[in-house]
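I opened my notebook to look up how the parts of this model meet. Here are my entries, in the order I made them.

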8 protein chains.
Amino acid sequence: MDSDWDLTPDTSRKQRLGFDETIFCASKTPDQINRLVQGALKAEETLLLTRLGQKKFAGLSSELADFLDYDQVSHTAILGHIAVAEDPPRVAIVTGGSSDVRVAREAARTLQYYRIGVREIYDVGVAGLWRLLEHVDELQDMSIVITVAGMEGTLPSVMAGLVPGLVIAVPVATGYGVAADGTTALNSALASCAPGLVVVNVDNGYGAGCAALRMLNVMQRRPPGGEGYG
Amino acid sequence: MDSDWDLTPDTSRKQRLGFDETIFCASKTPDQINRLVQGALKAEETLLLTRLGQKKFAGLSSELADFLDYDQVSHTAILGHIAVAEDPPRVAIVTGGSSDVRVAREAARTLQYYRIGVREIYDVGVAGLWRLLEHVDELQDMSIVITVAGMEGTLPSVMAGLVPGLVIAVPVATGYGVAADGTTALNSALASCAPGLVVVNVDNGYGAGCAALRMLNVMQRRPPGGEGYG
Amino acid sequence: MDSDWDLTPDTSRKQRLGFDETIFCASKTPDQINRLVQGALKAEETLLLTRLGQKKFAGLSSELADFLDYDQVSHTAILGHIAVAEDPPRVAIVTGGSSDVRVAREAARTLQYYRIGVREIYDVGVAGLWRLLEHVDELQDMSIVITVAGMEGTLPSVMAGLVPGLVIAVPVATGYGVAADGTTALNSALASCAPGLVVVNVDNGYGAGCAALRMLNVMQRRPPGGEGYG
Amino acid sequence: MDSDWDLTPDTSRKQRLGFDETIFCASKTPDQINRLVQGALKAEETLLLTRLGQKKFAGLSSELADFLDYDQVSHTAILGHIAVAEDPPRVAIVTGGSSDVRVAREAARTLQYYRIGVREIYDVGVAGLWRLLEHVDELQDMSIVITVAGMEGTLPSVMAGLVPGLVIAVPVATGYGVAADGTTALNSALASCAPGLVVVNVDNGYGAGCAALRMLNVMQRRPPGGEGYG
Amino acid sequence: MDSDWDLTPDTSRKQRLGFDETIFCASKTPDQINRLVQGALKAEETLLLTRLGQKKFAGLSSELADFLDYDQVSHTAILGHIAVAEDPPRVAIVTGGSSDVRVAREAARTLQYYRIGVREIYDVGVAGLWRLLEHVDELQDMSIVITVAGMEGTLPSVMAGLVPGLVIAVPVATGYGVAADGTTALNSALASCAPGLVVVNVDNGYGAGCAALRMLNVMQRRPPGGEGYG
Amino acid sequence: MDSDWDLTPDTSRKQRLGFDETIFCASKTPDQINRLVQGALKAEETLLLTRLGQKKFAGLSSELADFLDYDQVSHTAILGHIAVAEDPPRVAIVTGGSSDVRVAREAARTLQYYRIGVREIYDVGVAGLWRLLEHVDELQDMSIVITVAGMEGTLPSVMAGLVPGLVIAVPVATGYGVAADGTTALNSALASCAPGLVVVNVDNGYGAGCAALRMLNVMQRRPPGGEGYG
Amino acid sequence: MDSDWDLTPDTSRKQRLGFDETIFCASKTPDQINRLVQGALKAEETLLLTRLGQKKFAGLSSELADFLDYDQVSHTAILGHIAVAEDPPRVAIVTGGSSDVRVAREAARTLQYYRIGVREIYDVGVAGLWRLLEHVDELQDMSIVITVAGMEGTLPSVMAGLVPGLVIAVPVATGYGVAADGTTALNSALASCAPGLVVVNVDNGYGAGCAALRMLNVMQRRPPGGEGYG
Amino acid sequence: MDSDWDLTPDTSRKQRLGFDETIFCASKTPDQINRLVQGALKAEETLLLTRLGQKKFAGLSSELADFLDYDQVSHTAILGHIAVAEDPPRVAIVTGGSSDVRVAREAARTLQYYRIGVREIYDVGVAGLWRLLEHVDELQDMSIVITVAGMEGTLPSVMAGLVPGLVIAVPVATGYGVAADGTTALNSALASCAPGLVVVNVDNGYGAGCAALRMLNVMQRRPPGGEGYG
């Protein structure tokens, strides 16, 4: 029986939404990824690949893999130059513990793909609150703070009570027992008593990066007027 | 036994976060609300009250109630002048059905309290997709689109695939069976295949308004540079 | 201790329900499957096998396996000729993303086993809505549209608002976080605001195929009268 | 503050999907319902209203209520003539117990609004299986069997093993303990070992009626050819 | 650091409850099992071992394993003679499908360890109801019917409506989607509309066997009087 | 529109299962109950009614109500003489706390309807274990012990470790937080480490009574032989 | 039918555990409470009553009610003198918001019944972290800190990272959406990354008070030696 | 791309809370663990490592591993001398079954790291209640009793009703079906009817040990006065 069906790439996404379609590798075979990378190389396009585990990366064609900038921690790969702007970053990414770094890095890499620099502050969870408080001044100047935390997910709530920028919570599936699948961290962020905290799916560093990108694109596009709110 | 304990208002919130403490009336008695309104009147401060049901509003001191601008749909009340800027709004609030309006209005009123105008487009859910498509051009120009939807919560995902601004999903507890408590709409938004969609708690129109406010405050405060991302 | 018990095949299913008993291989050993295939070969009967993973298929007797038309994507195998009618298909199968194809193909293969042709349209999820809208005219002519979608499962609701035929939703266990086990896509379809959408179990492409078969069998059996509803 | 927003009725639904927009009264005030009924009267249009509880019905304007055919059991009202065709019905609605009748009647009334007759067989749950078996011959001739059952929801699975037509399961929120919210009956239908059973949301008699209507509309529209499947 | 702690076997269980302590092997190492078997051999005691997977069984000392009657299907092993009484059995064990046999056999083996014969009737689920109805007369004479079923778990409810003896439901973790972990089959049995159905944990064939044993022990011990109930 | 449907009583239940159909009043109107009682009076039949709340009982026709033996605690009513046998009871019903008595009494009344005496021992939960231990000797002689417990539901497990008879757990929806809906007590009984404990639905005192009745009917019907198990 | 059953008070609890049996009024009628209070008055015993809502309290015999010290906030009543020791308290009770006070007061009243003074610090949740930090020095000297918080329940984790004493988390069912039933606050406390935080059931202020009492009783009873840990 | 981020150890934890930061190895690579151990060796500091599985331990540098006291049962390792005080222990650790020992030992090792001796009593679950009752006198003298139990988790409730000290429940993820993930044991402990029972996360032996340490540190620090409560 022939395979008489085909996939339908979203070719107008860049123009519509301001960013490229990204290759989510978790549900793709090495073969499929090889073809996508080769296609992009031919078309001289850049490419962001996420959820590309080390085993699957090792299974790619080595000629193609040489073109990829692969990050072991976040399981992301980037095809194309990465030239982050030198301006002081307007996005901070903060994690509660060391287990959250893999997800935080996915957000960081997503932004770097779009040449946006980020300030990364890791392992400053509230079990040792002084670690976070040391960074408050710096964080209060940020446009966007992405908080990445598993277990009980206290960090986003504390952060949203300390800084005026947009705070995005990325819950992480880390820990055991009631924390195992990230639902506790997720619900903790959703139920937060700190006003205006927004949330993405468990482990969705990529989504947090895209949300930040949407806001930065808007800021770039439309200079704010002088309405005097705030 | 004496009541030797007292509450601790967050007096520096405005300065820290850029917005006032809001009175969440669901867990307060009419008496407590009366005292808070009276206090604000004396101090010549404005006040936003949320989750103020009609019965509870009717139970307030009528002298005080006369000072409040009360909205029956959203169960919000505002103390102070409401003078929304005349500029074309940069925030749109869109609902899937008519049952979602009570939550959408909570977001609208929150922004209006801060003198921010909003564009309200209601009852354009995907069961009749043409209703939404008619508004796409207008929505693509918005900085922020707040989508408010219960039942299966399809609207936020469709919206985030159509417009480049920040899209905030507010799930609503409407419908019956698996839809009854809003969890389906919530999870649908979190699991969205559209990149960069952010989410707040079920029925949390106030939170969506605050998130929009955070972004607008940042845009006001810090003019974007010319880094060239996007 | 002897094995003094035996299984009880449902020998009258074809006559009662209009379709054969299918071999669900997930809970069977290669040995059991070998015997069932051999029995069918002897009896000159056709056979549909589902959930036959590649490892298990490789473990079958190679003589028997040669008689099977095996599909790697859907993990199905068919014993017997597959001669799909040449008429334009009255059933469409549509997926949101590429990860949903394995389940969509299970439905397609189930119908093909009964010599029913299907129109397969894959990877047209609402994150890029234009991809779906391009097919609306074609889909409005279908008797049955099987929608296969994981993540937030928006596709079935959008589809049921666009086409008049019977729309069957097959939720898929794809994605991560709240999407991981397919419950979000399932509940999203059940809670749909689009009227008359029907749903089967997560990943149950086979069940969707059988439901379509039931409807087609009825249409074949009993020509509709002229009552004038609709 | 003025109410400067309005709702957006789905005016092309009939033409697109083959049925009218229905008034879901659970989330509407008597006032809103009055206006909708009055509008339909003026426009000489028929109207189906669901989830119209007795208290809310009693709160409608009595002049308008006189035009409505109200059914206390199903909480539905119909504006317009109800002239069901005299042909033997092709749709059966079957319930497990007497508590399921309210939901079954919602499906029956939905079909009757479209002038489709139904055969209603109630209270034949499997605790007394002989009651169901007495009707098997009759049910095997039906095009569609809608099974309505709460508690453990055994009826749909048994039915789908006995009859060849399309079987639609409507789970009901009846019983107590693990049965209370209808989830057990819902999951039981979804997990059914009987092939091709399709399911709608808990208590969604209206949805089951609409699904049946979709199938009947297709049968009416497009006479089946002679492809020879089945 | 020394291991200065020890386990505490329940030495009086036989006398108190009428049955021996059973070795639940899932959480024990081969080493621990070897020692327990050796101890029983020395003491000339019989022993029932459950959840002894094939890999773990293969890891036991081969000298000891030779003394064990091992059953691959149920993952049970018995040390000691198995001499089931020749009387017609008063306990039947019935399964819905072939996947349920592993659990059914655990119940059968538990009873056989206590020299109680059972009638095993497998694969008679309600998708083909005639298979079950053929056995009704025989089952109505049984003192106890143990029903073992996964997926939607319809069998116990149907059975409890057909036979007067004690009906014990054993839900099974088989199937996929909402059926995967056995909760649907469990809740279906608990919510049953058939009166007097009792339930044990998912996959707990051993528990069902013990419950039957409790009832048979009581019947043995205390001849019923002539009170005339029933 | 006429009500052209009717209910289908299970007229052969007594003969098939050994007990009468019972009137579950929770989902019936006073009117429906009146008719059922009147019918039974005319036919000179006895009747057991459950879940008949005090308000609903007060709403019955007072002439009919005079014939009913109503129990405020269990919300049960019995039509007909209640003449419990004088023999020492073989069934004990034991509760953990005072809140569980309403459910325990439903079981007791169910058995009394069938002229079976029960020993009721209430409020002996494990928070004060000595209260339970004082009754162990008496309970070890019982054929059946029905344990009724909410909150954490410890009682059934402790009981099943102390007595050899059939132990039936009835979880109760009492307490707050994680205990509120009875799921904790239910799962606690299902997961019990004490072998052979069987369970019914939350608050299902009636079901526990029927299970006991099934066992007693078997004991009455078929004198145990001398096989020598146990 | 006579009420031939009786309750079994736990008369030796004081001696065994060091505290009295408490009257949980939620599941008792005013009549039952009247009798219990009268009994205690006659026996000249003190009594603690919890979950005694204002309506139920108003329904008590007014003569008896006069003897009770009733607290409207916590719904507790105390029979007997309340003479709290003048020493500086070793237990602090801290809440996140004003909605948590009703639960905090239940803990406070429980300890006061045992003549233990508490330091109450309310409404210092992390949305305004400075409010909490102002009290850190005082709290670091406490033996026990009971934290009472609903919504996302951040407070216990932050507290357990700041103070060395025993920290007990009492989750509160306050808020809406995912926060509504207190499960989010509960799981947040259980999953805490701060070591040694212990948790009680949602809204269980009484339980937290009893846990504190257990620790204080131990400290009273057994002076610590000089082993040198810590 | 360089790794321009670093972790932030909580260097003041000892001084603030009275205990060291512990290495949670589950989310760390052997490499990371090697560096942490080496660092501690250089700094001449002691170290407690938890969740260090046997495979991961085998993957550590063998030179470093030689310095570690590794416990296979609890998957803990200790760097530094372990000299437990000879005084009779004030902490008991009690398990229901043998599967719970791995978690109990994690608590024991945590306390031993701080030179606190514990009394370990294992496998005394309530299925054979006499085993527990034999130890009641000894346990009533303990300051703290840590109960470790999976399955239905009955042990903590029974214990808290028998002894006056602080009782800490550690639920364990053992068993199958509803017991598999430890939630049943967790909820059972939270819902306990025994007053003052406190709970930690599933499998969190380390947390229970830290809670005990907090209480012992307080007892050491602050001699109780003579207030006369209890």
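Entry 1, ground rules. Domain bounds here come from an automatic or database domain assignment. I am working with a predicted model, where local features need pLDDT of at least 70 and side-chain atom pairs count only at pLDDT 80 or more, while totals for chains, interfaces and linings use all residues. Residues are numbered from 1 along each chain as its sequence is written, chains are lettered from A and ligands numbered from 1 in the order in which they are written, and side-chain values use heavy atoms, with hydrogens and water left out.

I found chain A divided into domain 1 (13-79) and domain 2 (91-219). Taken over C-alpha atoms, the centres of these two domains of chain A are 25 Å apart. Their contact (heavy atoms within 4.5 Å) takes 19 residues from domain 1 and 15 residues from domain 2.

I then looked up the buried area, the accessible area (1.4 Å probe) that two parts lose on being put together, summed over both. Between domain 1 and domain 2 of chain A this is about 1400 Å², with carbon and sulfur atoms giving 55%. A:Phe19, A:Leu48 and A:Arg51 supply 36% of the area that domain 1 buries against domain 2, more than any other three residues.

How many salt bridges does the rule find across the interface of domain 1 and domain 2 of chain A? I noted three, using a side-chain nitrogen of Lys or Arg within 4 Å of a carboxyl oxygen of Asp or Glu. The side chains of A:Asp69 and A:Arg109 form a salt bridge at 2.5 Å, N to O.

I also noted nine residue pairs in polar contact between the two domains of chain A (both at pLDDT 80 or more). Such a contact is a pair of N or O atoms within 3.5 Å; within protein, one must be able to donate a hydrogen and the other to accept it, and residues adjacent in sequence count only if both atoms are side-chain atoms.

The area buried between chain G and chain A is about 1800 Å², and carbon and sulfur atoms give 74% of that. Across this interface of chain G and chain A, the rule finds zero salt bridges. It does find three residue pairs in polar contact between chain G and chain A (both at pLDDT 80 or more).
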